Amino acid sequence: MTRKIFNSITLVAAAVLLISSCVLMACLYEYFGSIREDALRDEMKLAIRGVQTEGTNYLENVKADGYRLTWIDKDGSVIYDTVRDNQIKENHLQREEVQEALNTGTGESRRFSDTLLEKTIYYAKKMDDGTVLRISVSAATAGLLAIGMIPPVLFILIIALVLSGILASRLSKRIVKPINSIDLENPLDNDTYEEISPLLNRINRQKILIDIQVDELQQKKDEFNKITSCMKEGLILVNEQIEVVSINPSAMKLFDVEEDCTGNDFLTIYRDHEMNLALKNAFEEGHSEISRGMNGHEYQFDISRIDSGGKIIGAVILIFDVTEKTHAEKVRREFTANVSHELKTPLQGIIGSAELIENGMVKHNDMPKFIGMIHKEASRLVTLVDDIIRLSQLDEKGAMPEETVSLRTIADEVSESLLNIAERRNISITVTGDEARITCVPKLIYEVVYNLCENAVKYNVDGGSVAIDIKDSGKSVQLKVTDTGIGISREHLERVFERFYRVDKSHSKETGGTGLGLSIVKHAVSYHHGSVSVKSEEGKGTEFTVVLPVK
């Protein structure tokens with residue numbers, strides 16, 4: 001803008017100077033021309049009087065370096081000429097000014113030189129005797145005057161341009177300075193030209209609108225960041241070049257990167273050929289999925305293309321931890337297979353025994369044996385179904401009636417119910433500790449204590465012992481069941497709470513176990529928001545510890 005103002009002012013100054021010079025020369029030329037003509041007429045009057053009085057003697061004695069006097073007879077012949085040789089005879093009858101003077105008394109004409117740079121002004125007047133006296137003077141034309149004025153005009157023009165340039169530079173800076181110093185953050189608080197007030201008002205309105213839009217965008221960005229930061233799932237946004245635009249904390253933790261990874265290629269964060277193919281498929285088809293194992297977990301990558309205005313602008317990658325889902329699916333399949341197997345085994349025994357009896361292939365003396373087998377397998381089947389039903393109820397986590405009971409009392413009841421089984425193998429059961437009153441589902445807590453104590457008796461050695469100890473810390477109660485049995489090897493410890501898992505299948509079959517007891521213990525304790533742990537050493541015994549919160 002400063003350059004435009006500078007150029008405009010300089011151009012206007014030059015144009016004004018040229019036009020002024022031309023107009024001034026024209027006016028001066030016209031003014032001095034009229035003075036010269038008036039002087040010429042005055043000279044003519046004096047010359048006519050002198051010629052009429054003295055004749056040629058006057059013309060011979062006249063000294064007029066700037067004028068030329070010519071006395072012309074009626075027939076156009078020159079009587080006397082102050083410049084030309086009087087011996088040269090030249091007829092002037094056809095001259096314009098002479099003809100006009102003969103006809104009207106006075107005549108004028110102007111004739112230009114061949115170069116048009118000089119002109120001659122002629123003025124003729126008819127005297128009383130009929131002759132004509134003509135006076136002429138040479139003068140420069142406007143063109144010659146213009147040529148003569150070129151050097152001074154150029155000199156003045158250069159000076160004027162320099163001065164106008166300096167003034168234009170200063171003026172343009174002074175004009176632009178208030179504009180450059182405008183505070184666009186507060187458009188209406190500027191003290192500047194009134195002419196730009198409408199512009200500042202529009203800028204202010206636009207600023208208010210932009211501020212509102214920026215606030216809305218910031219609010220949406222904050223909401224988006226808040227939502228994504230609280231997500232357990234990983235979320236990554238990439239552009240069309242597969243460069244990371246945004247990444248939430250869950251994804252940063254998963255890939256062990258910092259927030260400054262934005263702008264990097266996603267494949268530099270997670271190098272995987274299958275992931276690369278999945279991204280390409282998502283950009284081509286709009287969506288793709290892939291499952292990958294990372295850090296001991298199973299993750300599902302859900303990739304969706306993002307379109308805007310008919311163009312692909314990127315993709316969103318959602319990362320779900322499906323470890324529990326995969327594990328649950330695996331457990332479900334194993335549970336279904338185990339249930340089928342566990343139900344089929346006693347049913348086959350029942351059906352086989354019943355077929356033998358039905359076909360009369362069992363002797364009368366062996367009948368009680370086969371009937372006892374049927375009863376035993378049927379009881380085992382009923383126990384298995386009851387355990388499965390109980391586990392299903394715990395899986396559903398439905399509300400159950402709760403009561404405040406004494407954990408010591410429940411332990412005493414369990415001890416008494418197992419006393420006969422323990423005495424047959426000379427196993428002692430002792431209960432020690434606090435009263436430990438808790439609010440719970442009594443039936444489930446009884447199942448917990450009973451299953452732990454029953455296993456302690458079943459998998460104990462003859463003459464062994466089972467110790468039940470209860471402690472109340474005020475905030476929680478602790479139940480510890482310790483036996484001196486066969487123990488559990490280290491490779492089995494992590495799996496003892498799985499459904500249908502048996503450390504010693506042959507021994508479990510002998511004792512009539514279903515493989516669901518410890519799984520029921522784990523789920524019942526979890527229902528009460530407690531925890532259960534196990535310590536064991538093969539050949540030395542096992543210790544189960546249950547911790548339940550006090551409501």
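Reply: Let us begin with Leu-163, which is found in helix 4 (residues 142-180); please keep in mind that this is a predicted model.

Me: Why is Leu-163 called partly exposed?

Reply: The relative accessible area of Leu-163 is 49%, and since buried means under 20% and exposed means over 50%, Leu-163 falls in between and therefore counts as partly exposed. Leu-163 also belongs to a nonpolar patch on the surface, together with Phe-155, Ile-156, Ile-158, Ile-159, Val-162 and Ile-166.

Me: What makes Asp-256 count as exposed?

Reply: Asp-256 has 69% relative accessibility, and because the cut-off for exposed is over 50%, the word applies to Asp-256. Asp-256 lies in the loop between helix 6 (249-255) and helix 7 (266-269), and a negative surface patch is formed by Asp-256 with Glu-258, Glu-259 and Asp-260.

Me: How do you know that Arg-111 and Glu-97 meet in a salt bridge?

Reply: Their side chains come to 3.2 Å, N to O, and a salt bridge requires such a nitrogen and a carboxyl oxygen to be within 4 Å, so the pair qualifies. The pair links distant parts of the chain, with Arg-111 in strand 3 (residues 106-112) and Glu-97 in helix 3 (residues 96-104).

Methods:
Residues are numbered from 1 along each chain as its sequence is written. This is a predicted model: local features need pLDDT of at least 70, side-chain atom pairs count only at pLDDT 80 or more; totals for chains, interfaces and linings use all residues. Side-chain values use heavy atoms; hydrogens and water are left out. Patches are made of residues with over 30% relative accessible area and no salt bridge: like charges are joined within 9 Å, nonpolar side chains (Val, Leu, Ile, Met, Phe, Trp, Tyr) within 5 Å. Accessible areas come from the Shrake-Rupley method with a 1.4 Å probe; for residues, only the protein chains shown count as cover. Lys and Arg count as positive and Asp and Glu as negative; His and the chain ends are not counted. The place of a charge is taken as NZ of Lys, CZ of Arg, CG of Asp or CD of Glu. Helices (H or I, at least four residues) and strands (E, at least two) are DSSP runs, numbered from the N terminus. Buried means under 20% relative accessible area, exposed over 50%, partly exposed in between (1.4 Å probe, protein chains only).
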